[in-house]
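Please open the structure in your viewer and keep the sequence panel beside it. The tour below moves from one selection to the next and says what is there.

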Amino acid sequence: MTTIVDLPSFIDTLDEAGQLARINRTVSLEYELADVAASLARTGTGAGLFNRVEGSPWPVFCGGVASHRRAAIALGCDEGETVDVMERVLDPANGIPPVSVASAGWEANTVRGDDLDTALLPIPTHSRGDGGAFITGAVTVARDPISGRGNLSYNRMLRLDEHTFGFNVNEWRDVGTFWKSRDDPDAPFPIALAIGLDPAIMIAAGVKTPVDELFIAGAIRGRGIEVRQGLTIDVDIPAAAEIVVEGLLHPAERRSEGPLAEFHGYHGEAWNSPTLEVTAISWRDNPIYQTIIPGWYEHVYLGNVLPREPLLRRFVRHLDPTADVYIPPYGNGFLAVVQIERDNPGTPKNLAMAAMAAHINILHLIVVDRDVDIHQPTEVQWALTNRVHWSEDVFTVPGAQGHEMDPTADQRGISTKVGIDATYKRERREYGERVAYPAVDLADYLR
Ligand SMILES: Cc1cc2nc3c(=O)[nH]c(=O)nc-3n(C[C@H](O)[C@H](O)[C@H](O)COP(=O)(O)O)c2cc1C
């Protein structure tokens, strides 16, 4: 089995597991690539490696962490262990610091100054409602000017011209806190974009935490992630990145960027955002560009599922130490499923209340029994259909604080949280055990 150390070795690992779709037909960067990638995710076909992309000498990869199975492969564990692994790596006591190295593969090719042109990068225009070509799969690497610690994040970036991007950053993000902490908050602020990465770094970058997320990536891999100082800026960048964009953020030089497909499945509005002046673009020989299809499964897995399930599980396990949880990507981070061994009739509602308090985003809670596969939407729907008496098994919490981007909430995120007890109420009506056909390995029958 391949050891994952970078994007190419992750792609090989996915291939070995039958989780890679190679697309050899030429695709357009405008809509077509994203349409195919979204169809791959929707049908569970695999991650997409687009070998021929119109106008690009480089292949494009996406969807590495767009399913529960591939999230497990990326984390190097079984599908039933993803929450255990995330819980372990999110514990700061288990963080492993990055290791500085003197050279990186991406130094092989570099352009600066007058030769710079962002058109070099095969940036897709993903959704028909998007306001242009957005970098969505880059990890922003920054350094806290006060403590010196590093930071990873995702920031959408609209290509504006040969050397400028519009750089989106919400008010409470670490990268914004960093530049505002300086004597002159409007002075140019150095950042790098690392593109084409070991998924451990991609998963870590989706975590909101006051520590360097590279420690989390190190904990996932069990060794320090190698970093190399930028060529034009003093920021430590993952050495195994396929492509690196270095630049200076100009907090006060603002331009409009947006809309872009958002995690909730609509388009986020245009923002008046800081601009990023590119100072260097570097790449490994034969690099692979990476993108995340915005508003689709991988976006939700990285931002709303993997980083949030451990705390959610801790909250419900406070009441029931054997409970399991899943935040399904089709619920965009607003829905969580809790699985229990039901004892008393009131327990499921208590567990739903505990889960509601774990994360502001979580709005809908469905509590199911052990005989329902929480990772299968059809199974959860079966439980909703066959185990919920809607006037008795549902409770609502009106006026609760939710996420301000929740499409059902008002502008301040006030909405109604809903708990649904979809467990079997044998005391109401006894139907015996559920019909079950044990799974067989179809490969044994389809020869
Ligand atoms: C695919 C993806 C895209 C994101 N895009 C943005 C964005 O454009 N602007 C932003 O402020 N946050 C965005 N986020 C959220 C932050 O990157 C993320 O919460 C990160 O953990 C910030 O953590 P930090 O404040 O510790 O750096 C995105 C998250 C994901 C997973």
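## First stop: Leu-14

Select Leu-14, which is found in helix H1, residues 7-16; helices here are DSSP runs of H or I with at least four residues, strands are runs of E with at least two, and both are numbered from the N terminus. Residues are numbered from 1 along each chain as its sequence is written. The model is a predicted one, in which local features need pLDDT of at least 70 and side-chain atom pairs count only at pLDDT 80 or more, while totals for chains, interfaces and linings use all residues.

Is Leu-14 buried or exposed? Leu-14 counts as buried, because it has 25 C-beta neighbours inside 10 Å; the rule is that a residue is buried if 20 or more other C-beta atoms lie within 10 Å of its own, exposed if 12 or fewer, and partly exposed in between, with C-beta atoms placed from the backbone. Leaving out residues up to four places away in sequence, Leu-14 touches Gln-19, Leu-20, Gly-46, Ala-47, Gly-64, Arg-70 and Ile-73, where a contact means that the C-beta atoms of two residues, placed from the backbone, lie within 7 Å. If you also select Thr-2, you will find it twelve residues from Leu-14 in sequence and 9.5 Å away in space, C-alpha to C-alpha.

## The whole chain

Now show the whole protein chain, whose secondary structure comes to eleven helices and 23 strands. Its C-alpha atoms fill a box of roughly 75 × 60 × 45 Å, taken along the principal axes, and 50% of its 447 residues count as buried.

## Two domains

Colour domain 1 (7-302) and domain 2 (308-421) separately; these bounds come from an automatic or database domain assignment. Their C-alpha centres lie 30 Å apart, and 13 residues of domain 1 are in contact with eleven residues of domain 2. On the side of domain 1 that touches domain 2, the elements giving two or more residues are helix H4 (82-90) and H8, and H4 gives the most, with four residues.

## The core

Next select Ala-194, Ala-204, Val-338 and Ala-355, the residues with the most contacts inside the largest nonpolar core, which has 134 residues; such a core is a set of buried Ala, Val, Leu, Ile, Met, Phe, Trp, Tyr and Cys residues joined through C-beta atoms within 7 Å. Domain 1 and domain 2 both give residues to this core, so it lies between them. Around Ala-194, leaving aside neighbours within four places in sequence, the contacts are Ala-138, Val-139, Val-141, Ile-237, Pro-238, Ala-241 and Val-244.

Then move to H8, where nine of nine residues are buried, among them Tyr-297, Glu-298 and His-299. The buried residues of H8 pack against several elements, including helix H2 (32-43), strand S3 (60-62) and helix H9 (309-317).

Finally, display the ligand: which of the 20 residues around it come nearest? They are Ser-153, Tyr-154, Arg-156, Asn-170 and Gly-303, a residue being near a molecule if its C-beta atom, placed from the backbone, lies within 6 Å of it. Strand S8 (150-153), helix H5 (174-180) and helix H8 (297-305) are the elements that give two or more residues to this shell, and the largest share, three residues, comes from H8.
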